Amino acid sequence: PATFTYSWTGPNGFTSNLQSPTISNSDTLMSGVYMLTITDNVCTKTAITNVIVNQTPTVTIVPVGTKCKGDTVQLIAQGANDYTWVSSNPIYQNLGDTIYSIAANTGNITYTVTGTSIEGCSSNKNTTVTVNALPTVTGSDVFNLCSGKTKVLTGSGANFYTWALLDPLPSNSSDYLNASSGSGVIFEGYSTLVDTTIKYVLTGT
């Protein structure tokens with residue numbers, strides 16, 4: 001039987017004497033025309049083939065800051081054509097490059113996206129979102145206040161506080177709050193507020 005020898009040549013200085021060579025870690029520089037020469041010591045035959053090496057997409061995720069438990073996490077991926085997301089945190093809306101998720105658990109949550117190009121090449125990208133627990137905020141207990149007197153409202157459990165009226169007061173009354181220190185002072189001096197229940201909402205951050 002005849003004995004064949006093989007000789008491959010191609011782009012970027014590629015050569016091989018194997019019948020079916022493999023190119024590892026190929027890149028776009030390996031695209032082009034490859035020529036195979038086969039000989040059996042008597043006859044020679046040449047064939048060519050064109051190889052296209054497509055670029056692997058560089059997938060990125062738009063960074064997000066630290067979130068609080070219960071917040072909505074919006075993540076946006078870029079750099080590919082199609083996207084597949086995976087996370088231990090529930091994803092309630094998937095728009096392809098953009099997902100929306102609820103920060104249901106505290107700690108570090110990892111999201112992984114696989115981006116695929118039009119040519120079918122893919123790559124992965126991870127991002128970690130830190131979710132903090134909500135503060136346990138407490139405020140002043142229920143109290144009675146005489147007309148013309150003042151009362152300091154105090155909050156605890158957070159770093160910053162905002163006081164707000166739950167129900168509007170009569171238009172001819174006045175109410176003042178200073179929330180910068182976490183406390184508010186109510187100045188109550190109008191007869192229209194006598195026997196009036198005033199409710200405040202305290203938000204701690």
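**Burial, cores and confidence**

A: In this predicted model, Met30 has a relative accessible area of 11% and is therefore buried, the cut-off being under 20%. Met30 belongs to the loop between strand 2 (14-16) and strand 3 (32-39).

Q: Which residues does Met30 touch, not counting residues up to four places away in sequence?

A: Setting those neighbours aside, Met30 touches Pro11, Asn12, Phe14, Ile23 and Val53.

Q: How is a nonpolar core to be read, and which members of the largest one touch the most other members?

A: In soluble globular proteins, nonpolar side chains tend to be buried together. Here the largest nonpolar core has 14 residues, and Val73, Leu75, Trp85, Tyr111, Val113 and Val129 touch the most other members. Two or more residues of this core come from each of strand 7 (72-78), strand 8 (82-87), strand 11 (107-116) and strand 12 (122-132). Another core, of seven residues, lies apart from it and includes Tyr6, Phe14, Met30 and Leu36.

Q: With which residues is Trp85 in contact, leaving aside neighbours within four places in sequence?

A: The contacts of Trp85 are with Ile61, Leu75, Ile76, Ala77, Ile91, Asn94, Gly96, Asp97, Ile99, Thr112 and Val113. Among these, Leu75 and Val113 are also named with Trp85 as core residues that touch the most other members.

Q: Is Pro63 buried or exposed?

A: Pro63 is exposed because its relative accessible area, 70%, is over 50%. Pro63 sits in the loop between strand 5 (60-61) and strand 6 (67-68). Pro63 and Ile76, 13 residues apart in sequence, have a C-alpha to C-alpha distance of 8.3 Å.

Q: Which elements have the lowest and the highest mean pLDDT?

A: The chain average is 81, and 74% of the residues score at least 70. Among the elements, strand 3 has the highest mean pLDDT (97) and strand 16 (residues 183-187) the lowest (49). The pLDDT is below 50 over residues 172-181, a stretch with 26 contacts in the model beyond near neighbours in sequence. Residues 185-192 also have a pLDDT below 50, with 31 such contacts.

Conventions
Residues numbered from 1 in each chain as written. Predicted model: local features only at pLDDT ≥ 70, side-chain atom pairs only at ≥ 80, totals over all residues. Heavy atoms only, no water. Helix = DSSP H or I, 4+ residues; strand = E, 2+ residues; numbered from the N terminus. Buried < 20%, exposed > 50% of the residue type's maximum accessible area, 1.4 Å probe, protein only. Contact = heavy atoms within 4.5 Å. Core = buried A, V, L, I, M, F, W, Y, C linked by side-chain atoms within 4.5 Å. pLDDT = per-residue confidence, 0-100.
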